[in-house]
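I opened this notebook page to record what I looked up in the model, starting from the overall fold and ending with the aromatic rings.

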Amino acid sequence: MAAAVNPFSLFRHFPGLRALASRKCSVRFLGSYRNSSCARLPIARQRFIRCMSASPDEEASAKAAAASAESEGPTIFEKIISKEIPSSIVYEDENVLAFRDISPQAPVHVLVIPKLRDGLTRLGKAEARHNEILGNLLVAAKIVAEKEGIVDGFRVVINSGPSACQSVYHLHLHVLGGRQMKWPPG
């Protein structure tokens, strides 16, 4: 298994990550959950970083990423797939790779990506020829949830396009869990 990605070492190679990492977040600690059902979770799961909304930096970064989305250059995810950039891999098969997010928004936050981009830069670009890989991604999300012990309650999120703050134009699913999910999510 590869070592975890150090987000700070990626800044020099991917300047857009600096804006993502600097978004305004609040940190919740054990004391915040004294009278909630979360108090029954292990201490490691009770601490997490939670972003309340997209910051202007995050929105600007998403717009900048969209502007360069159609370039044929490799994405950060393709560099993770080729092992140029290390990651904490949770699941892998011949078509799909799942690894921990470097900026988790829940105690469990895993990204699930297709190993071959094949024009699938975002869900809005999906075509009938992508049916099989889209199904594989969802099955992989369920396998990740089982491995992480959250199969009884997890969320799968797909950001598609700049208005959804998509920051990497290689289709990816966020598998989130380990805490109570709220509604509405946005």
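Entry, ground rules. I am working with a predicted model, in which local features need pLDDT of at least 70 and side-chain atom pairs count only at pLDDT 80 or more, while totals for chains, interfaces and linings use all residues. Residues are numbered from 1 along each chain as its sequence is written, and side-chain values use heavy atoms, with hydrogens and water left out.

Entry, fold. I counted six helices and seven strands, taken as DSSP runs (H or I of at least four residues for helices, E of at least two for strands) numbered from the N terminus. Along the sequence I read the order as α-α-β-α-β-α-α-β-β-β-α-β-β.

Entry, burial and surface. Of the 186 residues, 39% are buried, that is, under 20% relative accessible area with a 1.4 Å probe and protein chains only.

Entry, aromatic rings. How many aromatic pairs does the rule give? I found one aromatic pair, where the rule asks for ring centres of Phe, Tyr or Trp (its six-membered ring) within 6.5 Å and calls planes over 60 degrees apart edge-to-face. Phe77 and Phe99 form this edge-to-face pair, at 5.7 Å centre to centre and 70° between the planes. I noted that Phe77 lies in helix α5 (residues 76–81) and Phe99 in strand β4 (residues 96–100), 22 residues apart. Phe77 counts as buried because its relative accessibility is 5%, and Phe99 counts as buried at 3%.

Note on methods
Buried means under 20% relative accessible area, exposed over 50%, partly exposed in between (1.4 Å probe, protein chains only). Rings of Phe, Tyr and Trp (its six-membered ring) pair if their centres lie within 6.5 Å; planes under 30 degrees apart count as stacked, over 60 as edge-to-face and the rest as tilted.
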